[in-house]
Amino acid sequence: MIRSVVDTNVLVVANGRSTHAGDECQLATIDALRRVKDSHTLILDTGSRILGEYRRHCNHSGQPSVGDEFFLWAFNNQAHLGLVELTENKERSFEEFPDDPALAKFDPDDRVFVATSLAARVRNFILNAVDSDYHLHRTGLKRAGVRVKELCPNELTQSAQP
């Protein structure tokens, strides 16, 4: 079974709160969140950093949208999901984040997702909707063993296109 680390932007797009995503992209994120929820394959960090990210962008009541519902489900079920411990690092944010010059400019706010993916030590994907950082750094991420599933490849900014 393949597990998933879900970037916050997937929840935001599923909620319809992204100006960078069209209807097709929103439907793809909704479908992805429902599959992760139904299969209980979400990976989180033990320090609740990912849940904290979700909390900043979603409604804790689980209403009114799918991203909010996913956040509430993840919060309520975190003890039964894949949990990994992360170690903070002043230069790279986390020890588990690759020490690779190709990733030096990777968004510090998104490093928790990469670190969680690598710390999990099980086959997983990071689910991404509209964050071009994963595409821009795909070579370094691939070299580190990180796999990203782009839910909305047509929605990435032009600078991220090959």
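## Ground rules

Helices here are DSSP runs of H or I with at least four residues, strands are DSSP runs of E with at least two, and both are numbered from the N terminus. By that naming, Pro64 sits in the loop between α3 and α4. For background, most peptide bonds are trans, and most residues other than glycine have a negative phi.

Keep in mind that this is a predicted model: local features need pLDDT of at least 70, side-chain atom pairs count only at pLDDT 80 or more, and totals for chains, interfaces and linings use all residues. Residues are numbered from 1 along each chain as its sequence is written, and side-chain values use heavy atoms, with hydrogens and water left out.

## The nonpolar core

Let's start inside. A nonpolar core means a set of buried Ala, Val, Leu, Ile, Met, Phe, Trp, Tyr and Cys residues joined through side-chain atoms within 4.5 Å. Buried is under 20% relative accessible area, exposed is over 50%, and partly exposed is in between, using a 1.4 Å probe and protein chains only. The largest such core has 45 residues, and the members touching the most others are Val6, Leu11, Leu33, Leu42, Tyr54, Phe70 and Val114. Two or more residues each come from β1 (3-6), α1 (8-14), α2 (23-39), β2 (43-45), α3 (49-57), α4 (66-77), α5 (111-120) and β6 (124-128). The largest share, six residues, is from α5. In soluble globular proteins, nonpolar side chains tend to be buried together.

Contact means heavy atoms within 4.5 Å, and beyond its neighbours within four places in sequence, Tyr54 is in contact with Val6, Asp7, Thr8, Leu11, Leu42, Leu44, Phe70 and Phe71. Tyr54 belongs to the buried set of α3, along with Ile50, Leu51, Gly52 and Glu53. Those buried α3 residues pack against β1, α1, β2, α4 and α5.

α2 runs for 17 residues and spans 24 Å from first C-alpha to last, close to the 24 Å expected at 1.5 Å a residue; the expected span is 1.5 Å times one less than the number of residues. Its buried residues are Cys25, Thr29, Ile30, Ala32, Leu33 and Val36. These sit on the same side of α2 because they cover an arc of only 165 degrees around the axis, the arc being that of the directions from the helix axis to the C-beta atoms. On the other side, Asp23, Glu24, Leu27 and Asp38 are exposed.

The cover over the buried side of α2 includes β1, α1, α4 and β6. Just past the helix, His40 takes a positive phi of about 55 degrees.

## One cavity

A cavity here is a set of points, on a 1 Å grid over the protein atoms alone, where a 1.4 Å probe fits but cannot get out, and lining residues have an atom within 4 Å of a point. Points are joined across faces, edges and corners, and the volume is the space filled by probe spheres set on them. Searching the whole structure turns up one cavity of 30 Å³ or more. The largest cavity holds about 40 Å³ of space.

Its lining is made of Leu33, Arg34, Lys37, Val66, Glu69 and Phe70, with α2 and α4 each supplying at least two of the lining residues.

## A few residues worth a look

Ser48, in the loop between β2 and α3, has a phi near 60 degrees, a positive value in a residue other than glycine. Ser48 is partly exposed at 30% relative accessible area. Ser93 is in strand β5 (residues 93-94) and has a positive phi of about 80 degrees although it is not a glycine.

Now for a buried pair. Thr116, in helix α5, has a relative accessible area of 0%. Setting aside residues up to four places away in sequence, Thr116 touches Val5, Ile43, Leu44, Asp45, Ile50, Val84 and Leu86. Asp110, in the loop between β5 and α5, is buried as well, at 6%. Asp110 is in contact with Asp7, Asp131 and Tyr134, leaving aside neighbours within four places in sequence. Asp110 and Tyr134 are 24 residues apart in sequence and 9.1 Å apart in space, C-alpha to C-alpha.

Conventions:
1 Å grid on protein atoms, 1.4 Å probe; cavity = no way out; pocket = protein on both sides within 12 Å on 5 of 7 lines; lining within 4 Å.
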